[in-house]
Amino acid sequence: MLFHQLKDRPVEEYMNSEATFISSDANMAEIEYQIIEKKQRIIPVIDRNDIKGVITRTDLLNYLVQHDKAVKRTDQLVFKKPNARKRQIANIMVQRLDDRTMDLLKTIGSAGDELGINLYVVGGFVRDLMLQRKVDDIDIVVEGDGITFAKYVAEKLNCRVNTHKKFGTAVIIFSDQVKVDVASARLEYYDFPAALPIVEKSSIKRDLARRDFTINTLALSLNAKTFGTMIDYFGASRDLKDKTIRTIHNLSFVEDPTRIFRAIKFANRFGFDIGKVTANLIRNAIKVDCFKNLSGLRVLSELKQIFSEEDPIPAIHTMTDYGLEKVIHPQLEITQPTYQMLESANKSLAWHDLLYVDGTYPRWAVYFMVLLNRCTFKVSEQICDRLMIPAGERQLLLETRYKAENRLSFIETNHPVSRQKLYWALINFNTVFILYIMSLTKNEAVRKDISNFYTDYRHVKPRIQGRDLIRIGVKPGPAFTKILNEVLNARLDGHLDTLEKEKAFAEEYARKNGLIYG
Ligand code: ATP
Ligand code: MG
């Protein structure tokens with residue numbers, strides 16, 4: 001059941017220096033021992049020098065999940081680690097957090113005291129606080145029922161709350177749109193085999209143990225008595241100091257392959273390295289095809305996040321170092337010309353964001369289209385299929401992208417083109433496509449023209465209005481559009497600097513073209 005059919009492949013391929021084989025009658029305990037304890041990625045199954053197959057971590061994990069043992073295993077792996085290191089950081093909180101956030105945390109903490117439950121702010125918030133970065137989402141874990149707690153806080157502070165019964169989570173929404181996520185860490189007891197005594201059964205520890213990387217496992221107590229005590233079970237402080245991304249246990253990526261993308265995202269964002277062991281776990285997970293059963297939606301969501309980072313290029317480099325582009329599509333190649341376009345995309349986006357501070361657009365789409373740029377239409381389509389991109393977005397990434405590329409070719413081949421031509425070539429494309437073609441062109445003058453179109457010409461409109469045309473004797477309908485477009489063209493080319501001139505121009509044009517009745 002657990003065996004892969006890999007008979008034709010040489011045994012050496014699956015061997016590392018300390019490789020062990022097992023025979024086909026090995027029992028589960030032996031397999032678990034080799035894979036979990038001895039950290040062997042893959043075990044060849046050999047009978048009389050004949051390779052029968054291999055057993056991978058994925059196989060083992062699938063087996064354990066099917067037998068409802070995975071959670072217990074994770075617990076066994078992580079609970080063997082020593083107890084928490086604690087540090088009082090209330091002074092750091094006061095220094096680095098604004099008054100509003102401090103008040104909020106204190107209020108939430110005292111609500112916990114009133115209900116007699118322990119609660120913590122966890123994850124990215126504590127990590128970013130320690131890294132002296134801007135904190136955003138507040139994630140709370142309560143040792144008890146998160147929903148009851150969230151409702152209590154919402155009632156007390158007179159604000160809204162959304163609950164998700166199935167997950168035991170809630171979101172408290174404050175009047176200024178600040179959101180606080182609340183999750184439940186329930187006290188759960190498992191019967192562990194007697195041979196593996198569990199030192200501690202703190203539920204916050206169990207909650208943190210399910211997280212992706214050590215740096216995301218910090219918890220900060222909010223109860224009044226212990227307010228500001230930072231709890232570190234898994235060496236998060238050490239890894240923040242060492243600037244290293246590490247998983248909590250060795251089956252982490254097999255358990256959830258999206259963590260591979262997350263590791264790369266965090267490494268890139270913070271300028272951290274991926275730890276040696278963790279990097280090996282990534283390579284192994286990819287080797288055993290851990291993405292095989294991962295839904296395209298989840299891959300897409302991770303890619304969107306990476307491409308929404310300030311500078312995604314180093315992350316894309318790391319992705320290709322691991323060969324992750326092949327997970328997106330076996331024929332996707334990210335080579336030098338693509339990197340040039342990506343660099344150019346960085347510049348286009350920076351240019352835009354400097355001028356339009358409030359303008360929002362899906363940054364990820366520009367980078368994503370650059371990656372698709374050198375693929376054939378068929379491969380692009382297959383990538384959209386694989387990533388389960390919804391119909392609307394798909395059309396934009398395929399058809400609209402091709403149209404934009406064609407317009408760019410037109411502008412490049414006919415350069416210099418008049419403002420009029422530029423306007424009509426580009427007016428139907430939104431910010432994402434304008435930034436995309438600006439990233440593609442290697443012609444500086446073309447780039448300049450497109451940027452001028454974006455900041456300037458696209459806003460040009462005739463001053464003259466419908467009622468002016470009626471006064472001249474034009475009937476509403478297609479004639480209106482025709483005349484207004486002619487006025488617009490004349491304006492784009494720098495004529496008609498007053499309303500009077502526009503009126504005169506419109507009248508003459510209408511007369512010449514027989515558009516006036518009566
Ligand atoms: P960001 O600043 O990007 O929001 P974050 O650390 O807050 O970073 P989120 O994606 O918002 O990350 O997730 C919140 C927390 O949930 C993380 O800190 C992490 O502990 C946990 N988490 C998220 N995704 C996973 C995952 N795939 N596996 C395990 N834990 C995860
Ligand atoms: Mg977050």
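**Group meeting: a ligand and its arginines**

The structure holds 24 salt bridges. Keep in mind that this is a predicted model. Why can such pairs form? Side chains of opposite charge can pair when their charged atoms come close.

Let's take one of these bridges. Asp212 pairs with Arg262, and their closest N and O atoms are 2.6 Å apart. Where do the two partners sit? Asp212 is in the loop between helix 8 (203–209) and strand 9 (219–221). Arg262 is in helix 11.

Remember Arg262. Now we turn to ligand 1, where Arg262 comes up again, among the closest residues. How many residues surround ligand 1? There are 14 of them. The closest are Arg127, Asp256, Arg259, Arg262 and Arg269.

What kinds of residue make up this shell? Nine are charged, four are polar and one is nonpolar.

Which helices contribute? Helix 6 (124–130) and helix 11 (258–270) each supply at least two residues of the shell. Helix 11 gives the most, with six residues.

Next, the contacts themselves. Start with Arg127. One of its polar side-chain atoms lies 2.7 Å from an oxygen atom of ligand 1. Move on to Arg269. An N or O atom in the side chain of Arg269 is 2.7 Å from an oxygen atom of the ligand.

How much of ligand 1 does the protein cover? On its own, the ligand has 580 Å² of accessible area, and the protein covers 74% of that. And which pocket is this? The space taken by ligand 1 is the largest pocket.

Two backbone details before I stop. The peptide bond from His415 to Pro416 is cis, with omega near 0°. Pro416 lies in the loop between helix 19 (391–413) and helix 20 (419–426).

The other detail is Lys243. Lys243 is not a glycine, yet its phi is positive, at about 55°. Find Lys243 in the loop between helix 9 (236–242) and strand 11 (244–245).

That's my tour. Thank you.

Key
Residues numbered from 1 in each chain as written. Chains lettered and ligands numbered in written order. Predicted model: local features only at pLDDT ≥ 70, side-chain atom pairs only at ≥ 80, totals over all residues. Heavy atoms only, no water. Near = heavy atom within 4 Å. Polar contact = N/O pair within 3.5 Å; in protein donor to acceptor, adjacent residues only side chain to side chain. Areas by Shrake-Rupley, 256 points an atom, 1.4 Å probe, with all protein chains shown as cover. 1 Å grid on protein atoms, 1.4 Å probe; cavity = no way out; pocket = protein on both sides within 12 Å on 5 of 7 lines; lining within 4 Å. Sits in = over half its atoms within 2 Å of the grid points. Helix = DSSP H or I, 4+ residues; strand = E, 2+ residues; numbered from the N terminus. Nonpolar A, V, L, I, M, F, W, Y, C, P; charged D, E, K, R; others polar. Salt bridge = Lys/Arg side-chain N within 4 Å of Asp/Glu carboxyl O.
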